[in-house]
Amino acid sequence: MAFRDSWIEKRVNDVNRSQMHYARKGIVTEEMRYVAATERLEPEFIREEVAKGRLVICANVNHRDLRPMGIGISVCCKINANLGNSAVGSDIASEVEKVKLAVRFGADTVMDLSTGKDLEATREAIIRATAVPVGTVPIYEALGMVNGKAEALTPELMFEVIEAQAKQGVDFMTIHAGVLLEHLPLIEKRVTGVVSRGGAILARWCKVHQQQNFLYTQYDRLLEICKKYDVTISLGDGMRPGCLADASDEAQFAELDALGALTLRAWEQEVQVMVEGPGHV
């Protein structure tokens, strides 16, 4: 029996299974109680912070052996470890070993940024091998499915990948929904351009098609998936600067403005959100 089985079964028929949804209904979930005990805080305080959006508990309903982790201003600072295979090398056993070593030496969360072979099997092994929250950047897998050609991406493929990863048990996903078509002219004077891989992929798609970012126009579609599996959105900083000369420029702040609006839209649907930026934090 998995650690969270009995907790999750009680909510199996709920349409929205996000921690924010329950927090706003005044319900202190077992996940909130676990975080409260870990952080040495009162459960009701944790519920209030989740309800306000000041704290997220990355806890996909299909990551049943997860030990819930609170991330926010009112709890201890958390450390994330990035890992993953590449086209050059590594295998599933090696990736699982990386995760175990990361957690052993203090990582609170891990992100599987694999871009090589056997992505689904690698991710499955990582999720089942660890009790800490696991994150991904779904557009990496989607790009691999179109042979690295950003302009060949489609909304249907992107959301197929997002749903598949959510169903698998991914706890949080970096989504670059704030990279907008109107931001592209703002990066022309930059020294280092767009240094975010996800941001560059979507900037390329917008430029080639002269259309708005589909993760922005179809954001409600993303929110429906997140409600179903309780996936926390990490809004990616696709326009973050790559050097001091580009820091705090119009492109960076334009994206942050968009991310603020997207955060409010997520909260309206009671979906948990954290913003990856400014910077890469």
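The crossing of helices α11 and α12 is right-handed. The structure on display is a predicted model. To view this crossing, select residues 219–229 for α11 and residues 250–268 for α12; the two helices pack at an angle of about 45°, with their axes 10 Å apart. That angle makes α11 oblique to α12.

Next, display the side chains at the contact. From α11, select Y219, D220 and L223, which meet L262, R265 and A266 of α12. By class, the residues of this contact comprise 4 nonpolar and 2 charged, with no polar ones.

Remain on L262, a residue of helix α12. Is L262 buried or exposed? L262 has a relative accessible area of 1% and is therefore buried, the cut-off for this class being under 20%. Its surroundings may be shown by selecting A177, G178, Y216, Y219 and L235, the residues in contact with L262 once neighbours within four places in sequence are left aside. For Y219, a distance may be drawn from C-alpha to C-alpha: Y219 and L262 lie 8.2 Å apart in space, yet 43 residues apart in sequence.

Two loop residues come next. Select D230, in the loop between α11 and β7 (232–235). What is the phi of D230? The value is near 55°, which is positive although D230 is not a glycine. Most residues other than glycine have a negative phi. D230 is also buried, at a relative accessible area of 1%. Then move to S248, in the loop between β7 and α12. S248, likewise not a glycine, has a positive phi of about 55°.

Finally, turn to the aromatic rings. How many aromatic pairs does a search of the whole structure find? The search finds 3. One of them joins F3 and W7: the ring centres are 5.3 Å apart and the planes stand at 65°, so the pair is edge-to-face. F3 is partly exposed at 29% relative accessibility, whereas W7, at 14%, counts as buried.

Y34 is partly exposed, with a relative accessible area of 27%. With F3, W7 and Y34 displayed together, the tour ends at a cluster linked by ring pairs.

Notes: Residues are numbered from 1 along each chain as its sequence is written. This is a predicted model: local features need pLDDT of at least 70, side-chain atom pairs count only at pLDDT 80 or more; totals for chains, interfaces and linings use all residues. Side-chain values use heavy atoms; hydrogens and water are left out. Axes are lines fitted to C-alpha atoms, for helices over the stretch in contact, and angles run from 0 to 180 degrees between N-to-C directions. Helices (H or I, at least four residues) and strands (E, at least two) are DSSP runs, numbered from the N terminus. Angles under 35 degrees count as roughly parallel, over 145 as roughly antiparallel, 65 to 115 as roughly perpendicular and the rest as oblique. A crossing is left-handed if the near helix is turned anticlockwise from the far one by less than a right angle, and right-handed if clockwise. Contact means heavy atoms within 4.5 Å. Ala, Val, Leu, Ile, Met, Phe, Trp, Tyr, Cys and Pro count as nonpolar, Asp, Glu, Lys and Arg as charged, and the others, Gly among them, as polar. Buried means under 20% relative accessible area, exposed over 50%, partly exposed in between (1.4 Å probe, protein chains only). Rings of Phe, Tyr and Trp (its six-membered ring) pair if their centres lie within 6.5 Å; planes under 30 degrees apart count as stacked, over 60 as edge-to-face and the rest as tilted.
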